[in-house]
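Here are my notes for you on this one, in numbered points.

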Amino acid sequence: MDSKQLSPKDRQALDEALGYLNFSTGASDRQFLANLNQLCRTLAGTPSERRGKKSGNLRASLAVSYQELAALLRQRLDELSQQEGTFSDATQARRVIDLFEAHVLRNYLEFHRDLLAHQNEATLINPLFCGRVFEAILLEVAARGGDGEPAALSAAIVTRLNDYVGHRPLATLETRRTEPYPHEWHRPLPLYIRGVGAAAGPYEELVAQAVAILDAADPELLASADFDPKLLEEVAMDARGYDFDHPVNKRPNYHFGHWDPNRIDSRGHYRRYVVRQEILDALLRRVEQPSPASAESLMFESAAALAGTMLMSAELGGSGPSAHSSDVTLGTLMPRIAAHRDRFYEELLKQKGADQARLRADANERRQPFGGVRQYLNAELARMRAAQLEHVHLAKLLARIGQVEAAARQAAAVPTARARMVCQIQCLLTASERALDLGEIDQGTTLVAEAVALLHRAIQCGAVVDPWNILGSDAQFSLFPALENSVYDHRVDELLELVSMIFETLSRGWTLAAAAGNSEVSERLEVEMTRLATWWDKFATTSVSSVEGVAAGALCEAAAAVAEALAAWHGGGTTAGDIGFWRPYVARFDSPKAFVLVIDALLDRGDFVASMALLMQWLSEADRVPLQVGDASFHAVAGRWLRELLSDQTAERLPATERWRLVVRFFDSIEANADQWGQAPKLSSGGVEASATQVPRGLLDDMDPREATADADDDDSEVDLFSAAYDGMVFRDSTDDGIDQDLLGAPGEGQATDHELEHESRRIGARLAFLVTLSQLWRHTAEQVAVGSLTGAETSERLASWLDQLKRIREQLGELLLAAARQPIPNPGGSSDSLLLYDRLRWIKDALTEQVIATSVRCEEAALLVAAAIHASQPKPTEAAHQVQQGEAVARVLGELIRGDAAAVQQLWPQLLDALAGQPLLYVPLGKAGDPQKILAARSFQRLVRMLLSLLPRLGLLVETGELLHLAPIRRWPTAWWRRTWRDAPRTLPVAIPRKLPTRN
């Protein structure tokens, strides 16, 4: 627009604005802000014109770009400078306008490229924001005496502009006090300034009416709510994307807005209120929806809802930092706020004249004044939260499986920097892992370096939690000054996971480079990983008991030791199976991470002998080197070793007999080196010990594994379990379990203390984790034997031996279960500390009992599949079906299902139903005083039912599937579901199925 087309009033406003720019030193001037607001309103057109341009969409109304405003100012300045008088020297105004257009705003947008990436210029820059930018420019120019390069001036002005971060708890440490990072600060968009009015733009009418409603509210009500409208100097909009999953959102009413804690006057009063963009957009969406009510009425309702939410959230913070004493909690404050909110809406409803009848009817129908708009707003917030969480979790899942483009699309649908940047980091790490898998070490390490740089940026802008908060706040997030109003900050787990993945990838790249003889990349990664570890370890995450910290220095040392060994291994010719080569280096492997790195590197090259030797070395030193620390886990590596050996790729180059020989040697070595780890632990306590006769029975208890292999040669000599283990392996002759005295039981009482019971729970938990791994290894091997892909000498005898061990372990676990369940806990006293101690001890005891039950279920499941493999590997039985015992019926049916013999399953099916009849399915949980033995029996039966239900339909045994679902113990919960499934099956299955369930005579 040409300045000559302006009205006299607008031209006067333009001249006054130029006068301010040319002669002011930056002091805030309301008239200047009002003039800019008026000019931008004229440039954009009237409100009706703006509505018409976008078919009534208020939020999409055209905003004036800062380039248009700058062009208009520059044009008029040229006209005035040609005239003699006030503007004969317009140097300052020209410089200010040039800085405004060419440097400051562009640098501001670039500075916040992460935090405000979801926004556009039209949203971020309105007339009042432009006014604040001009003020900051003038202040900085005056402070520097007119000197300074544009780049330096622009950076200082952006820093001056950034003055808001919101509710951000700061960790206080002995050696330092943390502060928000520079990129966390930004300038909230001014929507209203007292004495100026509402900013021209899409929110103008809504905000203006809301402020007018608050100004006209009952003074007594406002005083009781500790809200003085006269103190409301500015209403601004938080331009950051609202993260519904942020722990700050557990702070009541925070999603509506709050006082700016950093804008306080000399009397200690807050002066700037910051509202959420999501709230404004949701309220405007309701105005745009078709409705019998007029647009003006809907706008009033939306403004009323905005005013009410401002009143509620403002009262939460009070009029200033000293409004609430330390004894005020959220629990005592919220009822008072709710009462003021209801009174506010009731008073406002009485003031509305023309629409009072409609609003009163709506209030009666919805049982609250202004119920329509209030319920709509809450529903919109719930919808936005659900959609955001859905996109975030889907983006994380897609990023982890390598679907980078799909993950980016899901993350882009969420306006928060946290979702976008965490997704990008995970995508980079996944791509790096894939590159390393393909042997592209340079590409993989480049990608992880990009992930590290992006992580630093994410921390700097607040997208990822500040690492200092882990130590300084014990991974807690303070919602309110009262100590009890803190919640666990789950973003800490997210950060630790990212850091762990980064170090994992760097370590792997380093070891791969060393194993490949790439010294250049190896040295570069050593420098990068050491520098990153130095930065991370200063946060001392491993000293915080509530989280599983990342010991970066230890990871570096482990990676260095492995890299040195692998480099020597590569230089020595990389002979597969050369166990003797590793003897000089094993002593340096003093951490789980070191063992994991070297074993993974060997498995990548298919060296099963050397990797098995190192696995057994690790197992033999379990008391010195824990079997699991964080992601470095013996259990995971042992599982990978067996899966790699039994994979189709290995089968192509190793015959079945050779693979079976390695499997036998693997399990013999485990038995030789596991020592007490291969047996169920005992509870070292003063509690009642369980006797063997009390141990719960399993489904296979009435079955002798030797009877299942009756066709085998009984005269064969027993296999020497230790002969293969000593071949190149390690054996430690020790029975030391790390406990040299009773840990539990106070002298004379036999009752556990907090520390003792927790220590014992951890010790037993580690032992149980090994038993779970051992049972899973047996199960995986049994499945391969059952399907015929693995066979060798004395297969049945080996399987029977493993079944004996599983039954023995299950009996030991039964004794441990009874001992854990009977562990006494001291009764609480009358103090709160004793009640907290009692709850903690009870929680530890129940957690231990649950872990024993889960381990027993896994062992029972493995025993079933090993017994099934025994039957599947033997000729079909000759005895009649009715002679099959209960446990043998279960094992034989599973074996035939795995082998794929539907006819044999049908023959044995009646005996299986008889064996399963009366088995418990439901149970009372431990938290409600449930019986651990009944829980174990029910969960074991549930596991068996799931296995059968997953296998029966694959052989087309739909009738048997239906009969299994209709067993008496489970008839209560699946009957309706099964009937619907059976009725709809002809439409959903590719085979014709009768609508009526067949029955057996």
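**Notes on the sheet and a helix pair**

1. Ile193 stands opposite Glu234 in β3. A word on provenance: this is a predicted model, where local features need pLDDT of at least 70, side-chain atom pairs count only at pLDDT 80 or more, and totals for chains, interfaces and linings use all residues. Residues are numbered from 1 along each chain as its sequence is written, and side-chain values use heavy atoms, with hydrogens and water left out.

2. Strand β1 (residues 189-193) pairs with strand β3 (residues 234-238) in the antiparallel sense over 4 bridges. Strands here are DSSP E runs of at least two residues and helices are H or I runs of at least four, both numbered from the N terminus; two strands pair if DSSP finds at least two bridges between them.

3. On to the hairpin. β1 is joined to strand β2 (residues 197-198) by 2 antiparallel bridges, and Ile193 stands opposite Gly197 there. The hairpin of β1 and β2 has 3 residues between the strands, and Gly195 in the turn shows a positive phi of about 90 degrees.

4. Is β1 buried or exposed? 5 of its 5 residues are buried, so β1 is largely enclosed by the rest of the structure. Buried means under 20% relative accessible area, exposed over 50%, and partly exposed in between (1.4 Å probe, protein chains only).

5. The open sheet has 5 strands in the order β2-β1-β3-β5-β4, with mixed pairing. β2 and β4 (257-259) stand at the edges with a single partner strand each, so one side of each is left without a neighbour in the sheet. The parallel part includes β3 and strand β5 (residues 272-276), paired over 5 bridges, with Met237 opposite Val275.

6. Helix α9 (residues 204-215) packs on the sheet and touches β1, β2 and β3, its direction making about 45 degrees with that of β1. Helix α7 (residues 127-143) lies across β1, β2 and β3 too, running at about 100 degrees to β1. Contact means heavy atoms within 4.5 Å; axes are lines fitted to C-alpha atoms, for helices over the stretch in contact, and angles run from 0 to 180 degrees between N-to-C directions.

7. Elsewhere, the axes of helix α22 (residues 552-571) and helix α24 (residues 592-604) come within 8 Å and cross at roughly 35 degrees. Residues making this contact include Leu555, Val562 and Trp569 of α22, and Lys593, Leu597 and Leu602 of α24.
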